[in-house]
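Subject: The model, and what turned up in it

Hello,

Here is the structure I promised to pass on.

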Amino acid sequence: MLQWEHGGIAIFQSVLYRTASAVAETEDLILISDPCWLPHEVENIRRYVLDKAGGRPIYLLFTHSDFDHIIGCGAFPEAHVVASNALAGKAEAEREQILEQIRTFDDDYYVTRDYPVVYPEVDIIVREDGQQLQVGGTTLTFYHAQGHNDDGIFTIIEPLGVWLAGDYLSDIEFPYIYHSSTLYEETLHKVRSILDRHPISVLVPGHGQCTEDMEEILGRQVKDLQYILDLRSAAASGDEETIAGLIKDCPFPRNMRKFHYNNRLLIERELNIARPAT
Ligand SMILES: [Zn+2]
């Protein structure tokens with residue numbers, strides 16, 4: 001499952017939803033993002049990290065709180081946990097809901113884990129857009145990335161030039177909008193300024209393939225913005241053919257249709273479009 005290893009960054013891709021867990025290594029630290037999904041996959045990442053760490057501190061970063069991204073949290077008790085203020089501040093009931101999704105997944109597939117299923121206790125809280133964490137010669141810069149859900153962050157690791165994008169800028173998923181389509185657009189509008197401000201060598205999305213190609217990153221941004229615009233206008237006019245056509249080439253239609261439909265419902269709510277009673 002080690003998919004890619006280059007210049008201090010290793011990417012592990014789960015067999016489930018092509019979810020990416022990254023391990024970034026500098027002279028000053030080892031940082032893991034979103035270790036997931038299956039027990040042997042998490043164990044594999046843990047072994048890799050412990051092999052590499054030496055005396056360096058271990059950081060565990062969560063791009064956002066969706067259950068598939070925090071599922072491996074309990075496997076790294078020694079790590080300094082990094083996440084947004086919104087993730088850190090989730091109410092008990094919301095935390096419990098997320099944990100319940102993990103337990104349901106594990107029950108559905110008879111999965112047992114040799115580590116506890118826990119919600120992240122955040123040590124380093126990202127509050128400001130552009131906030132930085134300096135560890136020796138390593139700089140982490142964070143940007144709020146909301147829209148997919150309400151607690152996402154982008155993280156840039158320098159000098160590696162790694163951009164951990166969470167559930168944005170995927171090559172296989174169109175925007176999955178659980179929270180707000182306008183905030184999603186705002187997040188996508190940060191792409192250009194991030195590329196201007198930081199020398200990026202690789203973008204790691206939460207699902208799908210990483211890319212070292214800046215044109216590819218901009219291409220994903222344009223495509224995702226276009227999807228939201230098109231879905232909004234087609235939802236406003238009730239244009240079923242256009243709505244269906246927006247995902248006609250998606251790679252996993254039986255599943256992805258559901259996310260597309262939920263996007264449509266969310267946008268209809270944002271536009272105050274009444275749905276006929278069913
Ligand atoms: Zn995800």
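A quick word on burial before anything else: a residue is called buried under 20% relative accessible area, exposed over 50%, and partly exposed in between, using a 1.4 Å probe and protein chains only. The model is a predicted one, in which local features need pLDDT of at least 70 and side-chain atom pairs count only at pLDDT 80 or more, while totals for chains, interfaces and linings use all residues. Residues are numbered from 1 along each chain as its sequence is written, and side-chain values use heavy atoms, with hydrogens and water left out. Helices (H or I, at least four residues) and strands (E, at least two) are DSSP runs, numbered from the N terminus.

Leu 169 counts as buried because its relative accessibility is 0%. Asn 272 also has a positive phi without being a glycine, at about 55°, and sits in the segment after α9 (253–270). With 71% relative accessibility, Asn 272 counts as exposed.

There are cis peptide bonds to look at as well. One runs from Cys 36 to Trp 37, with omega near -15°; Trp 37 is in the loop between β4 (30–33) and α1 (39–53).

**The zinc site**

Which residues hold the zinc ion? The protein donors are Asp 68 (OD), His 69 (NE2), Asp 167 (OD) and His 207 (NE2), at 2.1 to 2.8 Å from the ion. Donors here are N, O and S atoms within 2.8 Å of the metal (3.2 Å for Na, K and Ca), and since water is not among the atoms, sites may look incomplete. Along the chain the donors follow the spacing D-H-x97-D-x39-H. Both Asp 68 and His 69 are buried.

The angles among the 4 donor atoms run from 83 to 163°, and the site is irregular. For reference, four donors count as tetrahedral if all angles lie between 85 and 135 degrees; four count as square planar and six as octahedral if opposite donors are over 155 degrees apart and all others between 65 and 115; anything else is irregular.

Buried in α4 are Arg 95, Ile 98, Leu 99, Ile 102, Phe 105 and Asp 106. Viewed down the axis, these fall within an arc of 110°, so they line one face of α4; the arc is that of the directions from the helix axis to the C-beta atoms. The face turned away carries the exposed residues Ala 93, Gln 97, Asp 107 and Asp 108. The cover over the buried residues of α4 includes α2 (67–70) and α3 (85–88), where contact means heavy atoms within 4.5 Å.

In α5, the buried residues are Ser 181, Tyr 184, Glu 185, Thr 187 and Leu 188. Their arc around the axis is only 160°, which puts them on the same side of α5. Among the elements covering them are β10, α7 (214–237) and α9.

**The cores**

A nonpolar core is a set of buried Ala, Val, Leu, Ile, Met, Phe, Trp, Tyr and Cys residues joined through side-chain atoms within 4.5 Å. The largest has 34 residues, of which Val 23, Ile 32, Val 49, Leu 60, Phe 62 and Phe 76 touch the most other members. Its largest share, 5 residues, comes from α1. A second, separate core of 32 residues includes Ala 165, Tyr 168, Tyr 227 and Leu 231.

Leaving aside neighbours within four places in sequence, Leu 60 is in contact with residues including Ile 32, Pro 35, Cys 73 and Phe 76. Ile 58, in strand β5 (residues 58–61), is buried with a relative accessible area of 9%.

Best wishes
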